[in-house]
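Hi everyone, thanks for making the time. I'd like to walk you through one model today, so please have the viewer open and follow along.

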Amino acid sequence: MAFLLFIVPLVMAGLALVTPSNRWRPWLIPAGGVAHLVLTGLALSGGPVSALQGWLVLDPLGKLVLGLISVLFVVCSYYAPAYLALRAERPNRFFCACLLAMLGMMTLVTLSHHLGLMWVAIEATTLATAPLLFFNHSPRSLEATWKYLLIGSVGIALALLGTFFLAYSSIREGLAPTLLLDDLVRIAPQLSGPWLHAAFVLLLVGYGTKMGLAPMHTWKPDAYGEAPGLVGALLAGGATSCAFLAILRFYQICQAAPEAAFAREILVFMGLFSMAVAAVFMIRQRDFKRMLAYSSVEHMGILVLGIGLGGLATFGALLHLITNGVTKGVLFLSAGNIHRAYDSKLTDDVRGAIRRLPVSGVLFLAGFLVVTGSPPGGPFISEFTILTGAVSGGHYAVAALYLALLAIVFIGMGTTVLRVVQGVPSAQAAATSYRDRPQLVIPILVFMGLSLLLGLYIPKPLNTMLHDAAAYLEVTP
Amino acid sequence: MREFIDPILVLVLLLNFVALGASRLRTLIQAVAFQGMLLGILIILAHGSFMLWVLLMAGATVALKGVMIPRMLFHAIREVVIRREVEPIVGFVASLFLGAVGTALALLFAKTLPIAHEPVSSLVVPASLSTVLTGFLVLTTRSKAITQVVGYLILENGVFIFGLLLMEAIPFMVELGVLLDLFVAIFVMGIIIHKISREFSSVSTSMLSELKE
């Protein structure tokens, strides 16, 4: 079972490489997505999944991220063939293969309980996504891919050094060296303190780069700005969630060693700093896809802030992982449609999206309202839970700063979004042949529906998973 | 065999300075290639035996870091580079000075971290940190795309040196996975360098400055 989960997408990726037809090949993506969703459903509902003597284990945290990735991918995959049909002039062989390989590698990250294997899988995710960013073959996408690859690889190299430091912290104390998560959590109280501190900082910088926490977020606006909307949704909801999971793994070790206070302080600081940087760059942002990238930086900040605050906020952060993931699907896909319709992503050219694209335009506006925490969207509940956690934990200054930053982001993002959706489209903008069609808007509607559903009612199985994951994260030996 | 480790680590450190002072791309790549080969030898020395997996690991390291990746880089400069100078943003003397400061800092920082009772060599931690810093320096102060790749390689070498302390902890498969990821990363970077040179008829990353706020 554990093997099937990540091998099936890889096999589909291989099939995509050998399929000759540019027209039919994209249908392998939804096929792979559905197969993965079925396997994920079986894995989540069935008994414990593990393989290779504890190297691959599906624990409550992994289940949460795996479920998110699978749902995100399957909905996006329905969008993919129609999108690629719009871009029929581009060969899509590597695009399809890399998209499926990315799914396989992200799945491997959620299963890895060996920290070395997890590192290999995360680096492989980076490598699989690089060709996706380069899909447009323009000088600008070239620049974005270069920055993504170089900054990502350097960050990940630091994470490897951090992983080595962690392994050394056990050798230093004369313990048997190990990189298995379960063993490390068990022996955590004996690990050498200074090495553990250094390891945590390096890992946070390394995987934080992949996650896009400020100040290591510089690749993000470029990558999300140049990538197709579909890839943006998978990066912002999927790949970053995998990096977040990696940070949670190390947080778990710090938590089991009596170093939680140290880790939490750093996480709270990084979270607030990311939100602040995002807020500053979102004001007067003319490029609406880059704006979404800064929104992603902000929400990654919210995630680590929630974990850093602990208690109720931990539950809030895990819920936010899900609500943010599906809402990002709405924003990136609708932004992609608007980009296609206007052939521009600057607010100077893009006006009156609601008139030009009644469905995508309205969904873009609704997505903005939901992601900034307006009720009754899912992010409202999760952001509110984090706020409650901050106040009940006595972190009044953090809570005040958090609210202020959310308000600034709301205003900054709102200015750009309203410029895009309001007004009358220019004659030049109506010139492209793009029209909203079912296959391009149904996935957005599904994401929107999921996001609203999570705001009104959290289904019982998901609620159980969230509680299990929060309990698993806070566990002490 | 452990008495040979320290001299080799000193050689690795000296190669860092060669890389920082190199004005020609060819010298820079040769320095990194030599460093990669030394890493392979260090693996055997650190383990102190000739078991099959140790030899395989050392062989794979030498083949990848010492031969294949440098060959890819040489191929890239033959194909695309018009000018073979390094084009530093920070001058060579200043880079060397910064490198020396970095090495001193690495030695000081390594002192504050407790070392295991029977270390492979007390030089491993400072050599590793200093090489990582050198990698950063090359990465940030040289403007060509290819020199940035070399900087990333030096940084990776630094991480790899630290891995010598953990020969038993890191399973063979994971080490191979790390090497494979590195190889694919450099390969993809090579492709992108090729595209950059076709697009801008230069491989200077100063051309890559359109995306900004």
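This is a predicted model: local features need pLDDT of at least 70, side-chain atom pairs count only at pLDDT 80 or more; totals for chains, interfaces and linings use all residues.

Let's begin with chain A as a whole. Its secondary structure comes to 19 helices and two strands. Along the principal axes, the C-alpha atoms of chain A fill a box of roughly 70 × 55 × 45 Å. How does the radius of gyration of chain A agree with that of a compact globule? For 477 residues the globule would be near 23 Å, and chain A has 21 Å, so the two agree. As for burial, 63% of the 477 residues in chain A are buried. And if you take the contacts in chain A between residues at least 6 apart in sequence, 81% of them join residues at least 24 apart.

Now for the helix pairs. As a quick reminder, two packed helices are described by the angle between their axes and the distance between the axes.

Please find α13, residues 312-342, and α19, residues 460-473, both in chain A. They pack at about 125°, and their axes are 9 Å apart. That angle makes α13(A) and α19(A) oblique to each other, and their crossing is right-handed. On the α13(A) side the contact uses A:Thr314, A:Phe315, A:Leu318 and A:Leu319, while α19(A) brings A:Leu466, A:Ala469, A:Ala470 and A:Leu473. By class, that contact has seven nonpolar residues, one polar and no charged.

From α8(A) we have A:His197, A:Phe200, A:Leu204 and A:Gly208, which meet A:Phe262, A:Ala263, A:Ile266 and A:Met270 in α11(A). Six of the residues in this contact are nonpolar, two are polar and none is charged.

Let's look at a loop residue too. A:Gln190 sits in the loop between α7 (181-187) and α8 (193-211) of chain A. Is A:Gln190 buried or exposed? It has 12 C-beta neighbours inside 10 Å, so A:Gln190 counts as exposed. Leaving out residues up to four places away in sequence, A:Gln190 touches A:Glu173 and A:Leu175. A:Pro258 is 68 residues away from A:Gln190 in sequence, yet the C-alpha to C-alpha distance is 9.6 Å.

Last stop, the interface. The contact takes 36 residues from chain A and 35 residues from chain B. On the chain B side, the elements giving two or more residues are α5 (124-141), α6 (145-163) and α7 (172-200). Of these, α7(B) gives the most, with twelve residues. By class, that side of chain B has 25 nonpolar, three polar and seven charged residues.

That's the tour. Happy to take questions!

Definitions and conventions. Residues are numbered from 1 along each chain as its sequence is written. Chains are lettered from A and ligands numbered from 1 in the order in which they are written. Two residues are in contact if their C-beta atoms, placed from the backbone, lie within 7 Å. Helices (H or I, at least four residues) and strands (E, at least two) are DSSP runs, numbered from the N terminus. Ala, Val, Leu, Ile, Met, Phe, Trp, Tyr, Cys and Pro count as nonpolar, Asp, Glu, Lys and Arg as charged, and the others, Gly among them, as polar. The radius of gyration is taken over C-alpha atoms; the globule rule is 2.2 Å times the number of residues to the power 0.38. A residue is buried if 20 or more other C-beta atoms lie within 10 Å of its own, exposed if 12 or fewer, and partly exposed in between; C-beta atoms are placed from the backbone. Axes are lines fitted to C-alpha atoms, for helices over the stretch in contact, and angles run from 0 to 180 degrees between N-to-C directions. Angles under 35 degrees count as roughly parallel, over 145 as roughly antiparallel, 65 to 115 as roughly perpendicular and the rest as oblique. A crossing is left-handed if the near helix is turned anticlockwise from the far one by less than a right angle, and right-handed if clockwise.
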